[in-house]
Amino acid sequence: MNSLDSITALTSKKQQADLNLVIMPGDGIGPELVHSTVQIMQQACSMTGVNLNLSEEPGGAGVYEATGAGLLGGALDRLRIADGVLKGPVGLPSVRKPDGTEGGLLGGLLRIGLDTFANVRPVRLRAGVRAATRAEPGSIDYLIVRENTEGLYLSRGAGVRNHHAASDQMLITREGTARIVRFAFEQALRRSGAPRDGVRRVTCVDKSNVLRSFALFREVFDEVAADYPMVEADHCYADAAAHALVTEPERFDVLVMENFLGDILSDLGAGTVGGLGMCPSGNIGEDTAYFEPIHGSAPLIAGRNLANPVSQILSGAMLLNHCGHAETADLIDSAVESAFAGGHISILPTGSPAGGTEAVTETVLNHLSVD
Ligand code: IPM
Ligand code: MN
């Protein structure tokens, strides 16, 4: 390539960035949520000069039922070479493994298979969203950083049981804890602190008063925290954290915790910001990341235009941001923000949006073109 060619190549790259994403629609309401999100991402990308290339990868309980495995052969490699992955919820209560757990859930296959050790779950109360508690918009804005590759869930498929008893074990390692705690402190550096006082703070959530595994988690937390004197290191036992997330959520900025605790407390947090249908997440590793709603596949309402697609849409925005397209991500986030603030989207007490899934998609699309 001569120098003129390389200049031309550089210029056209800047004007039209290529983004190669894999979409995994999943089970239940997954396909309709992903369909909604893809329409919004396509429009936002075309408005900001991002050339979006999508390929589809099946996965979940439907695939498990048909093949005996949750993913097709070679799936992990196809996900690894993509710039990022947008995944819908998976699982069907009727699809069970012989041990009684659900088949095709993918948590173990994807999170451990891709080593996406950080499960990042922003919890934010937006203006115009009816919440279950009396919190004001702006007073709930924290990030749950859930360890994603060890903890109690490492026992999935590996616990022991007979007819009378069953046992699962929790694994906490020094290395696994150090990397997730470091990740949490790095996130805190990029944020603007807790709503209450603007102080950058990472709260270690554990039960180190009771279990040795959590005592190790806390010990490693304190060691890593010493490298971040500009961020306040805070501690809260998990039971007290469940209380404080409801009574004084404005205290929190970033919370870091073991896998199972993060699963439970992120659903609790969702309950304070308009429900599970409002909450996106990212599963982030050194070189691969995938983004998905924090909730399940709600098969009872699947295909009925009843699901709230906001969790999936915001997961799409997180994915774009992770891939370096902050402008495109902000366009989507701002569209959601202004649609709620203006009363153009409202969520019914059932968790379904007024007007249905497609109406939310249309509204967000319209707000994309506003400014
Ligand atoms: C989540 C989900 C999954 C989990 C399930 C579906 C396996 O609840 O992402 O929080 O437990 O991690
Ligand atoms: Mn969960």
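## Helix packing and a nonpolar surface patch

Leu365 is buried, its relative accessible area being 11%, which falls under the 20% limit for that class. The model described here is predicted. Leu365 belongs to helix α12.

Helix α12 spans residues 357-368 and is approached by helix α11, residues 326-341. Helix α11 is in turn approached by helix α10, residues 310-322. Two packed helices are described by the angle between their axes and by the distance between those axes. The values for the two pairs are as follows.

| Helix pair | Axes come within | Crossing angle |
|---|---|---|
| α11 and α12 | 8 Å | roughly 115 degrees |
| α10 and α11 | 7 Å | roughly 155 degrees |

Helices α11 and α12 are instead roughly perpendicular to each other, and α11 passes α12 in a right-handed crossing.

A separate feature concerns the surface. Ile112, Leu154 and Leu171 make a nonpolar surface patch of about 220 Å². How exposed is Leu154, one of the residues of this patch? Leu154 is partly exposed, with a relative accessible area of 34%; this value lies between the 20% limit for buried residues and the 50% limit for exposed ones. Leu154 is located in the loop that lies between strand β5 (141-147) and strand β6 (160-161).

Notes
Residues are numbered from 1 along each chain as its sequence is written. Chains are lettered from A and ligands numbered from 1 in the order in which they are written. This is a predicted model: local features need pLDDT of at least 70, side-chain atom pairs count only at pLDDT 80 or more; totals for chains, interfaces and linings use all residues. Side-chain values use heavy atoms; hydrogens and water are left out. Patches are made of residues with over 30% relative accessible area and no salt bridge: like charges are joined within 9 Å, nonpolar side chains (Val, Leu, Ile, Met, Phe, Trp, Tyr) within 5 Å. Accessible areas come from the Shrake-Rupley method with a 1.4 Å probe; for residues, only the protein chains shown count as cover. A salt bridge is a side-chain nitrogen of Lys or Arg within 4 Å of a carboxyl oxygen of Asp or Glu. Helices (H or I, at least four residues) and strands (E, at least two) are DSSP runs, numbered from the N terminus. Buried means under 20% relative accessible area, exposed over 50%, partly exposed in between (1.4 Å probe, protein chains only). Axes are lines fitted to C-alpha atoms, for helices over the stretch in contact, and angles run from 0 to 180 degrees between N-to-C directions. Angles under 35 degrees count as roughly parallel, over 145 as roughly antiparallel, 65 to 115 as roughly perpendicular and the rest as oblique. A crossing is left-handed if the near helix is turned anticlockwise from the far one by less than a right angle, and right-handed if clockwise.
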